[in-house]
Amino acid sequence: MSLLVVQNHRLYHLSCVLLVLSILSVNVIGQACMNYGETSPSNASSCLCPPGFGGATCAQPGCGGTIFDGSHRSLAQPLSGFANLTASDCTCESGWGGVGCNVCTTSSACQVGYAAVNGNASTTSGLDGQVGLNDTIVCNTAPAVWAAGELSCQVNNPTLEALYPLGSTLNILRTLNGSLSPLHNTSGTLLSPSTSSSIYAQLMYAGVEQFYCTASPCTQTLSNSATTGSSGNTASSTWTCQNLSCSCIKNATFCGGVPVSNLTTTISRLTGTLVVACDSTNTCHFQQDTINSVFGSQGLSMEGCVFGECVTQAVIDTTNATSSAAATSGGTELSGGVIAGLVIVGAIIAFGLAFIAWGWYVQRAAKNLPFNGGQSGGISVRWSDISYTVQSPKSSPYSLISKSSGREEKIILDRVSGSIESGQLMAILGPSGAGKTTLVELIAGKTKSGRYTGSITFPPYAPGRRPRVAFVPQSDILPSMLTVREALTFAASLRLPESLPASSKAALVSTVISKLGLDDIAETRIGATDGTGRGISGGEARRVSIGLELVSCPDVLVCDEPTSGLDSVSAFRIVKVLKELAREGGVTVSHQGSHGHRKGVAVICSVHQPSSRLYHTFDSVYLLSNGRALYSGPGGLVPTQYFKHMREGGGAGADILPYEEGYNVADYLLDIASEPPDISGMPLNNNAVGEVTLSVRSAEKADRGEDVEALLSKQNLARGMYVATFLTQLQVLCGREWKVLKRDKTLFFAHVCVACVLGIFCGGLYYQANLTIAGFQARIGCIFFMGSLIAFSSLSALYNIVEIRPLFLRERSNWYYSPTAWLLSRLIFDVIPLRIIPTMTVCTITYWMAGLANDAVHFFKFIFVIVLYTLVMTLFNFLLGTLFRNGGIAILLSALSALYQMTFAGFFVHLASIPPILRWLQWLCPLKYTLEAISINEVGSGLMINDTLQGVPVNISATLIMKLLFGFGLDNYYRDILVLFAFIAVFGVAVVAVVWLRVRERR
């Protein structure tokens, strides 16, 4: 029982303690200071209030009196729970103005107010250590602040007035240095916490305070006229403050008093940097990120502002003397984004200049090298035991519905051997599929996709070394827009040493033209060799192809079916030219320009079905059948004697067909090759044909033999050095591209004309879009239309790459130029005239017709973004064109990528509403960054929406509509620019890598 009593006593004491604590807490909460006042050090139950406010909690604005009255100033009385200046019928004394009577208008008002409290009209300036100063108090009515100044402005905004029709006023106390103000010793007055620079602001609606804000620390920026004196209102100032914080007065009209328009959450989220900019027209702008997004880049505009600051003349004089230099500088700091952009542009320019300087230095060094005269020739060719196989999938009746079970090797060449001496013309004969093309390509050193073994040597060259071997393919791939002379000059400029003068190269080209019988068509354009365009004939095109190889002064010339597709006369003319080249050799030009004959050149030709006249032109014959060599030796009737001897020898040769006198020997040999005997069991009896043999001697093989694959890789290594320097390659390529562009004007003018038509159409469709919500949507639609147009029009870049790819493969395989030089020339003469110029044309016409941001700065920023996006799409299509041999697949992927970009650009669907599993795709969409950057550029010009919704006037910033409709961020412009640069860099590197690694000739 006693224990229960003790516990009850303890509970009673505990409840008493809790009751006292709760009462104390209520008192403390009740004494919380509003308007960022501070608890008085001398009286914990009262607050030190900013000038113009008083009461126990700083919740009551001053009513009459002056700001020097401090805690003794009369205050507005509460009405319906809130202090109301209007209901209190407050009137200002003479010389004071603004809502709350805190703004001085005359110096006498400051002097009288200060003298009423302190007994005299002057005070110490607060400038310690200085004597002889004018301590008279004056009223500064300029926007600039010297110590602590008040301003009071009317807030006039149609949207706010529609929601809150009564008058709204914003009062702001700007404290630069409170210790220099006469108010710093006023009883009960707080200028700024810890004497730092700060801003106090209160919004009054119909005489009732709605919310209050503070920001600190602050910096003041003055204009050129900021030092005009104490009474002139010609100065301008901009206050930039950090750590903004705002508090809403509960149940005030803005803060819950009207539930449908409760701004409590919005006001409490006003944080970050605050800018108060005032000019000499009595207009100020209250700027903060959230406010700017609603009311425009200028923020909330305030009109009819009055400025007043009681300050000693000494402070004005002293501060003027120390700050006039800074005030008159008039400079504007560059933003971080602008600096980053300038750095990127400067780096690109510096890199370009350094590259040109390096190229010029290397070019000069190459031109100063001694020239050895270019003598060559006298080279034989011998190949031994050449075998070549390729992998092919095993055939299966179910191959359409299942994968093949494995791969089998197909033999193309089977241990073939042969030789040719310099000065001879050899014909490689055989039916289709015999391996003729494969053999000549291996001799020419072409890259093959199969597996090969054996040895190829070029006496008197040591094993492992390779002379200049020229290769003429079956198809004539030539630059259609160049003349015959220009095409040969192009080859000579890139395949002859730079130390050889241009005049000597021109003489060599003229000599080649004469030897090939092309004098009559030397100045004729080549035209399309596939029959789709007018130009030279097929036989002439074949001779031009041979000439392109002859200008490089080759030691060995290899031709793959040079007579295919030609009539007998043209074919004989081609072979006759080859015969002369073999016997007399090519021509060479000395450094002084004289020319003479070289040693004989070994010429090897694969021929499908020559006429009798054509056959007897060849010095030697090599017969292939199903990848095996049936004969290698002299031409003429010698092969018939050889096979006659084999047939008379019996055994496997007994099945060989007899030769009939007068029959075409070539046809006879093809008949044998079509039904070949079993030569593996036939004896090698050479008494009928002398030294004719099917293979080279074993000793020769031991001395000079080398694996073909190793030889080819060494050859590629040796030939990896281009004859011309990079700058010369670029110059010659650009010269050719310029000629093509001048002569084929159709593509350029088609792009420009279509751009003009589309620009007029698009500009007419969105002509002078107004500033309503629908007009803003039209502006973004116009921008989106232009971006989509660029995405689809860049498909022509892909087609150009696909079209020129065969010519590039042929010239690259012959080491004309590096892929980088080719890409750079394409970038200059494809991107600029066919992409950038038409794009700038259509966008310029549309821009001004649609009435977008009407100033040069925003226009050029718009064009800059458009050009970047054009480069992105062009390089992307370059990548597809080089990555896929099939142009149809590349075009399909490009079109699908354009549709993907349109989907994730933010126009058709709000970016925030995309499901998370797909939302990440927007970050891979160049059009999204383009549309966002251009939209930000458009609304960044101060675009304001003036519209009426259901009778309610709307006057808000287009930034807010942009965020609501599309989800774009206002601060993302420079980020988007950098991302577009990143796309350009990635696609550019990818194109270079693909061209170097994949776009190469593979046979």
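The briefing that follows treats the strand pairing and then the surface patch.

This is a predicted model, in which local features need pLDDT of at least 70 and side-chain atom pairs count only at pLDDT 80 or more, while totals for chains, interfaces and linings use all residues. Residues are numbered from 1 along each chain as its sequence is written, and side-chain values use heavy atoms, with hydrogens and water left out.

**Pairing with strand 18**

- Strand 9 (residues 137–140) runs antiparallel to strand 18 (residues 300–312) and is joined to it by four bridges; strands are DSSP runs of E with at least two residues, numbered from the N terminus, and two of them pair if DSSP finds at least two bridges between them.
- Within strand 18, Glu309 is the residue that stands opposite Asn140.
- Strand 10 (residues 148–155) also pairs with strand 18 in the antiparallel sense, over five bridges, and Gln154 has Glu303 of strand 18 as its bridge partner.
- Strand 17 (residues 284–287) is antiparallel to strand 18 and joined to it by three bridges, with Ser301 in strand 18 as the bridge partner of His285.

**Nonpolar surface patch**

- Phe792, Ile889, Leu892, Leu893, Leu896 and Leu899 form a nonpolar patch with about 510 Å² of accessible area together (Shrake-Rupley method, 1.4 Å probe, with only the protein chains shown counting as cover for residues).
- Patch members have over 30% relative accessible area and no salt bridge, and nonpolar side chains are joined within 5 Å; a salt bridge is a side-chain nitrogen of Lys or Arg within 4 Å of a carboxyl oxygen of Asp or Glu.
- Helix 24 (residues 887–903) gives the most to this patch, with five residues, whereas Phe792 lies in helix 20 (residues 773–793); helices are DSSP runs of H or I with at least four residues.
- Phe792 counts as partly exposed because its relative accessibility is 34%, which falls between the limits for buried (under 20%) and exposed (over 50%).

Note on methods. Patch = residues over 30% accessible without salt bridge, like charges linked within 9 Å, V, L, I, M, F, W, Y side chains within 5 Å. Buried < 20%, exposed > 50% of the residue type's maximum accessible area, 1.4 Å probe, protein only.
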